[in-house]
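Please open the model in your viewer and keep the selection tool at hand, as each stop on this tour begins with something to select.

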Amino acid sequence: MPQLRFALFFLLFQCGQPCCAAEAPLRPAIETFFENPAFSGALLAPNGKLLAVRIGAPGRRDGLAVVDLAGGGARPVARFADADINHFQWVNNERLVFDLRDRQLGQGELDRGPGMFAVNSDGSNLRQLVSRQGEGGTYTMGSPTAPRLLPWRTALLSHVGAQDSEFIYVASPEVHGNDVLRVGLLRLNTVTGRSSTVSGPPSVHQWLLDQQGVPRLAVGFERDQKVVYYRDPAASDAWRELARFPLYGAHSGQFEPLAFGPDGSLYVDSAGSDDMSAVRTLDLASGKVNPKALITTTGYDFRGRLITNQSSVLGMRFLTDTESTMWFDPAMKAVQAAVDAKLPATVNLVSVARRAETPWVLVEAFSDVLPRTVMLYNTQTGKLDKVGDTYPSIVPAQMGHQEMVRYKARDGLEIPAWLTLPPGEKRTGLPLVVLVHGGPYVRGGQWGWKADAQFLATRGYAVLEPEYRGSTGFGAAHFRAGFKQWGLAMQDDIADGARWAIAKGLVDPKRICIAGASYGGYAVLMGLLKDPDLFRCGIDWVGVTDINLLYTGHWSFRSDLSERWKDYGMPELVGDPVKDAEQLKATSPLLQAARITQPLLMAYGGADRRVPLYHGKKFYDAVKATNPRVEWIEYPEEGHGWALSKNRIDFWGRVEKFLDREIGKGPQ
């Protein structure tokens, strides 16, 4: 497919930058890991004749291009001088809808919303649909008599509709303070810009369309309850309550809607009598989950989605240790086998057009040492063509291999963890970074290339990332075991992981550092307090320094945590500020800051609304009085994490110097 290759090469590398150096250095540059991706998305049109791609180049904004898969080349269809293409979807076979972001501004510098635009696949009929907060009319399209732009909060749904008309459905949130009161639904014409409101139940926060693109399911919140509503075609499309259950925690009867199948069946993710959740169907008459599981992922909760065409469920995409696909359709099984034979060293995720009229399928290939690469596979000719690399300068031979390990915590609970070792043969006496994920009630990782772990591995460090109790995806018991265990058993799980690595002979017990962000930053501080004999140093960025501050932070530094989470979620999962007052005091790094004597690197964002800057400032003021080995970094424009590549590069450069000084040398 020479035309496709040439066209995409021109678009992706028009600034003259090579994909990699002629001779790669032994230690890849920091920029290799933390620059913005060169290529970051591709979607087949519903009929499979066109491919939309989001592309970038050094010094240029991310743009949107469309490739004609019949050999017509690639055409840029949308690019802005002061914004980047963000999310994009096909409206139909000939029209796209997208929103924007600004990858050159941090959270504290943003003065506009993402907006929303639609454009034809040939670049014609570009229309703005949604306003941008604070904009001066730069992107306003149409005549003075055109429909008014929708409010800037209006957003794309995470799933698409029927993709067979000019219309899409968009979400219209109503917000008060930090709380979303309701998310309305609008039916929007992407050609005219006109919209109409869809009626629905009260307090809806999520909407689900059926396979015909009709709003069919709505999920709302009432105090600490999650309520699921169904729009019943057998009752004149009236909405009725289908089910309700507690919003937080792990309770029987809970389920997460996944999708409607072409036959109208509702597929859900739900736990049965066993510990792990699985795919089941829901009886739409009774609101009860059918006990028989359709798909189970042994050792893991189901996390994934359906893959469908117009007439059937073709397969399921799901996550175990890594992403996988189970195909029910014999033809797609054969396609997967053919792709895997051509790419035996990678995980290969195959995506098919919804109403395919061509032999093209999209392939995402990756491994632990290879960032995602997008390819096109022709099921008739067997040809495989590269579309783009997310990080083209990464050299797999320079990366460290990753594996999932499991170790026993001191109370016998099995803890999954991700272990990345430096490239080379050395597997003993290594310096170790224990990298703690945030959340904490999320899954931390999966097998695949990860910038921070691989950066540390290329600097000679082993990296251990524990899925401590409370992490999701490993069963209800593992999740529940983390309730109200901040600084307690959750912390022990992390320390026990480091001791497991010592017992295995992998690491030097005198060269271990603990690092993490958000909850991970909290765990860093508690690790230095609880296990000073184990952790020689710590790296905390945007970390919580006191649980009570999450409840009572000063009004001028308002957190973005919702009142619902503070009222119902945190007391159950984290700790009640009244009932658990003594525990929260005993597990407060801020109140014990004077006890930390190890070297500590701290970094916070001045515009962070999840863990506002005062968390870091208060702790830094408290610890520096007794510990001269504390380094402080503040990125005034950043929020909860580093959105800007320049700050990621600066931060990890400081981390590299800090680690080299504290644990990078041989035995002391």
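Select Asp 275 together with Ala 477, and you will find a polar atom of the Asp 275 side chain 2.8 Å from the backbone nitrogen of Ala 477. This is a predicted model, in which local features need pLDDT of at least 70 and side-chain atom pairs count only at pLDDT 80 or more, while totals for chains, interfaces and linings use all residues. Residues are numbered from 1 along each chain as its sequence is written, and side-chain values use heavy atoms, with hydrogens and water left out.

Staying with Asp 275, trace the loop that holds this residue, between strand 18 (266-271) and strand 19 (277-282); strands here are DSSP runs of E with at least two residues, numbered from the N terminus. If you leave aside residues up to four places away in sequence, Asp 275 touches Asp 301, Phe 474, Gly 475, Ala 476 and Ala 477, where contact means heavy atoms within 4.5 Å.

Next, select Arg 231, which lies in strand 15 (residues 225-232). Arg 231 is buried, that is, under 20% relative accessible area with a 1.4 Å probe and protein chains only. Which side chain of opposite charge is nearest to Arg 231? It is Asp 237, 4.5 Å away, and Arg 231 has no salt bridge, a term that requires a side-chain nitrogen of Lys or Arg within 4 Å of a carboxyl oxygen of Asp or Glu.

Terms used. Helices (H or I, at least four residues) and strands (E, at least two) are DSSP runs, numbered from the N terminus. A polar contact is a pair of N or O atoms within 3.5 Å; within protein, one must be able to donate a hydrogen and the other to accept it, and residues adjacent in sequence count only if both atoms are side-chain atoms. Buried means under 20% relative accessible area, exposed over 50%, partly exposed in between (1.4 Å probe, protein chains only). Lys and Arg count as positive and Asp and Glu as negative; His and the chain ends are not counted.
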